[in-house]
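Please keep the sequence and the structure in view while reading.

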Amino acid sequence: MRSCELLVVGGGPAGLCAAINAAKAGAHVIVLERNPSIGGQLVKQTHMFFGSRKQHASTRGIDIVGILESEIAAMGDKIEILASTTALGIYEDGVVTAMHREDKYVKFKPQAIVVATGACEKALAFENNDLPGIYGAGAVQTLMNVYGVSVGDSVVMVGAGNIGLIVSYQLMQAGVNVKCILDAAPRIGGYLVHASKVARMGVPILTGHTVKRAIGREKLEAVEIVELDERFKEIPGTESIVETDTLCISVGLAPLTELLHMAGCKMRFVGQLGGLVPLKNDELMTSVDGLFVAGDTSGVEEASAAMVEGRIAGLCAAKKLGYVAEDFEEELSDLKAQLEALRSGPAGKHIRDGIAHTALDVEAQYV
């Protein structure tokens, strides 16, 4: 069993930023990442980020990985990255177990933990939704931007949130014909800047529509779409057929919180944040002493917010270990202000509403 000061589970944007800030404060950190390389969702994001300079605005996600890697290298031996290592459990005695490279079972005894395991894609129920040619948007983005593999000649996108809109634009940049973008909601959920880019390229965005069924024998050949009323019920007679060899589903993400459940964290279902999320204090520590959360694990947002939350969690986890940076209060205040700015305005209202239900002192029925 390996003893360590801080164990960070997840080498994506939140986990890496947590490790960096904790190490800057003086803590020694081990990062577990299940993939062969670090970066998480950043490695497939070729679009430029919003936010401010502090969140790497106008920088592509794939380039932010390199920036974070440089920060990690500057920490010397204070940060150890264990790639191809999947965390399996967090136990009552604080022991964390993991599988390293599929053949080595390892145990860790950390003094503090940051869980930053991210989120997984949600599915959509419709007839024949298991036909080859039907993908999640994240899978399409990974195949296209990481491995250079085109998923098909034409695509119908389901979901007009930011991911659906961004992936649609990236598909068009790769020469794929995006037939249309569907969304069950009466209005577009993503930023208008993303919607405008695909609309200018002639792609219809059909709000109040969804997929009724997938058509094909051994693979997808077409989809039947249908219009929805204000109660999200199908309107008979509005069905139409769209020929396509690929259907891309982008209907949201769900936080990956299995480790938090196992650790005994108090949880609550918050729809605005993607599902079951941990309750936490203003330093991002959960109901389990010494266990912190950051990024999509604590509620689905943009990668910019995940990085800022990671910085907060790392800073506060280091403080828990006795490493208090000289400018701790100033930096924490600045990071909280960054989050507030990222969540401001009408676009961030659902996030703000969701977060209001995640404080440890909220009177609620816990899961």
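## Salt bridges and the parts they join

D334 counts as partly exposed, at 29% relative accessibility; here buried means under 20% relative accessible area, exposed means over 50%, and partly exposed lies in between, with a 1.4 Å probe and protein chains only. The model is predicted, so local features need pLDDT of at least 70 and side-chain atom pairs count only at pLDDT 80 or more, while totals for chains, interfaces and linings use all residues. Residues are numbered from 1 along each chain as its sequence is written, and side-chain values use heavy atoms, with hydrogens and water left out.

D334 forms a salt bridge with K54. A salt bridge is a side-chain nitrogen of Lys or Arg within 4 Å of a carboxyl oxygen of Asp or Glu. K54 lies in the loop between strand 2 and helix 2, and D334 lies in helix 8, so the pair ties together parts that are 280 residues apart in sequence. Helices (H or I, at least four residues) and strands (E, at least two) are DSSP runs, numbered from the N terminus. K54 is partly exposed, at 44% relative accessibility.

By this rule the count comes to 12 salt bridges. Three of them are set out below.

| Salt bridge | Closest N and O atoms |
|---|---|
| K24 and E71 | 3.5 Å |
| K54 and D334 | 2.7 Å |

K24 and E71 form a salt bridge. This pair links distant parts of the chain, with K24 in helix 1 and E71 in helix 2, 47 residues apart. E71 is buried, with a relative accessible area of 18%. E224 belongs to strand 13 and R213 to strand 12, 11 residues apart. E224 is buried, at a relative accessible area of 11%, whereas R213 is partly exposed, at 29%. Salt bridges that share partners join K24, E71 and R311 into one network.

Helix 8 covers residues 328–342, and its 15 residues should span 21 Å at 1.5 Å a residue; the expected span is 1.5 Å times one less than the number of residues. The end C-alpha atoms of helix 8 are 21 Å apart, which agrees. Which residues of helix 8 are buried? They are F328, L332, L335, Q338 and L339. Seen down the axis of helix 8, its buried residues fall within an arc of 120 degrees, so they line one face of the helix; the arc is that of the directions from the helix axis to the C-beta atoms. An α-helix has 3.6 residues a turn, so residues three or four places apart point the same way. The face turned away from the buried side of helix 8 carries the exposed residues E329, E330, E340 and A341.

The buried residues of helix 8 pack against helix 1 (13–25) and helix 7 (303–320), where contact means heavy atoms within 4.5 Å. Just after helix 7, G322 takes a positive phi of about 100 degrees.

## Two open sheets

Strands of a sheet pair through backbone hydrogen bonds, either parallel or antiparallel. Three strands form an open sheet in the order 12-13-14, with antiparallel pairing; two strands pair if DSSP finds at least two bridges between them. Strand 12 (209–215) and strand 14 (240–243) stand at the edges, each with a single partner strand, so one side of each is left without a neighbour in the sheet. Six bridges join strand 12 to strand 13 (residues 222–227), and the bridge partner of T210 in strand 13 is V226.

Five strands form another open sheet, in the order 8-15-9-10-11, and here the pairing is parallel. Its edge strands are strand 8 (134–136) and strand 11 (205–207), each of which pairs on one side only. Four bridges join strand 9 (residues 154–158) to strand 15 (residues 246–249). M157 stands opposite C248 in strand 15.
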